[in-house]
Amino acid sequence: MSTPTTSNAIESGPPHVHHMDAPTAYHAAKLGMWLFLATEVLLFGGLFTAFALYRYVYFAEFQAASVNLDWRMGALNTAFLIFSSFTAALAMDAAQHGDNAKVRRNILITLACGVVFLVVKYFEYKGKVAYGLFPYGVKGFENFLFVGALCLAIGASGVVIFTHNAKLKIPTILASIALVVAFYFLKGSIATISFDLANLFPFGHAHHPETKMVFNSPEFNTAYKSYFGLYYCMTGLHALHVILGMGILFWVYLKALNNRFSANYYTPVELGALYWHLVDLIWIYLFPLLYLVG
Amino acid sequence: MSNEHKHDNQDVESHDHELGHIVPFKIYVTIFSSLIALTILTVVVAKAPIFHFGNTINLIVAMLLASVKAGLVSLFFMHLKYENPITWMYVFFPIFLLFIMMAGIFIDNPMRTLP
């Protein structure tokens, strides 16, 4: 039991863990995941508290600013995330029955919904940039994307350094460095090309001429900056979580390709699905708060 | 699709020597449809003029509906209903801390403008 074997051996059973039998390892891993989810709740909770306070302080401005968000886009994204959460739950259910093909199918649907979510989100951001509601316009958006890539790279490298999977370490760190370097030098063209693509489609922004103003103009005061700053922080951090969740689910998909899961070992599917459900949970609160009641 | 659930022993309580609980497929479908219905309800209450009771009440209603949805997702999709008390504590403790932070800030901020 305590013999260390490599965790990526192709076998349909739990990996051997030191000093623990399989059910104990399963429950310990799940409890650890819930603890991590607790820290995520507090991370977003700080932003929700800030939003609540500034909404209380700048009530009229928050109402005026929130009409610049297209609630139909938010509702569409809510539906996609709820459906992807449903398929993630089904993937977990399939894993509990040891049906690896169904795990793969459900994870692919979940990943597709994640991609659609990010595409819709990108159209919304494009609309904000096009109407001058993003700080420093296209330049600001380029830096926003770069910070996102930097966070992903640092996060992925940080996680992989502390895992026991030696085969993953060097490739992930190299890919992270490549991502950051590519984004640093290509961020201008990435933003421009994607905006040209996005401009082919005429949606993404609820344009209200009566509130037409730009981010760095004098009438765009601290109150409006608070609203849009919090909007970009909250949805941006959430989008980062969507990308990270897709990465985790893709890793689970690769394990399912090797038929790793069975009725007595499905911990990665459950933990990946738990993370995805948390991403869905946060959006369930973000949607009415940002798009509907302002 | 739900046929294969029949031969699973669903009476087994989740304890430390078993793995997780198996939830029937029907429950997942019911929860999914309820979530979509509640999303539509949230939009209707927020957007239809007859439901405009004032901004504070509408905010409370929207947050209550969101909390019902969050409850459904965590209880059934995340299997919290079948988890042990320690996991429940992990869920409630951060929410409690968040409540303290929000309460503290909202007690503090209006006081600042008082004479």
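## Helix H3 of chain A

H3(A) is mostly covered, with 20 of its 26 residues buried; a residue is buried if 20 or more other C-beta atoms lie within 10 Å of its own, exposed if 12 or fewer, and partly exposed in between, with C-beta atoms placed from the backbone. This is a predicted model, in which local features need pLDDT of at least 70 and side-chain atom pairs count only at pLDDT 80 or more, while totals for chains, interfaces and linings use all residues. Residues are numbered from 1 along each chain as its sequence is written, and chains are lettered from A and ligands numbered from 1 in the order in which they are written.

Helix H3 of chain A covers residues 71-96. Helices (H or I, at least four residues) and strands (E, at least two) are DSSP runs, numbered from the N terminus. From its first C-alpha to its last, H3(A) reaches 37 Å, close to the expected 38 Å; the expected span is 1.5 Å times one less than the number of residues. Just after H3(A), A:Gly98 has a positive phi of about 75°.

## Chain B

Chain B has three helices and zero strands, and its elements run α-α-α from the N terminus on. Of the 115 residues in chain B, 17% are buried.

Two residues are in contact if their C-beta atoms, placed from the backbone, lie within 7 Å. Among contacts in chain B between residues at least 6 apart in sequence, 46% join residues at least 24 apart.

## Where the chains touch

The contact takes 36 residues from chain A and 41 residues from chain B. On the side of chain B that touches chain A, helix H1 (25-47), helix H2 (55-77) and helix H3 (85-111) each supply at least two residues. H3(B) gives the most to this side, with 13 residues.

The residues of the side of chain B that touches chain A divide into 28 nonpolar, nine polar and four charged. Here Ala, Val, Leu, Ile, Met, Phe, Trp, Tyr, Cys and Pro count as nonpolar, Asp, Glu, Lys and Arg as charged, and the others, Gly among them, as polar.

A:Asn259 is in the loop between helix H7 (222-257) and helix H8 (267-292) of chain A. Its phi is near 55°, a positive value in a residue other than glycine. A:Asn259 counts as partly exposed because it has 15 C-beta neighbours inside 10 Å.

B:His79 is in the loop between H2 and H3 of chain B. The phi of B:His79 is near 60°, a positive value in a residue other than glycine. B:His79 has 22 C-beta neighbours inside 10 Å, so B:His79 counts as buried.
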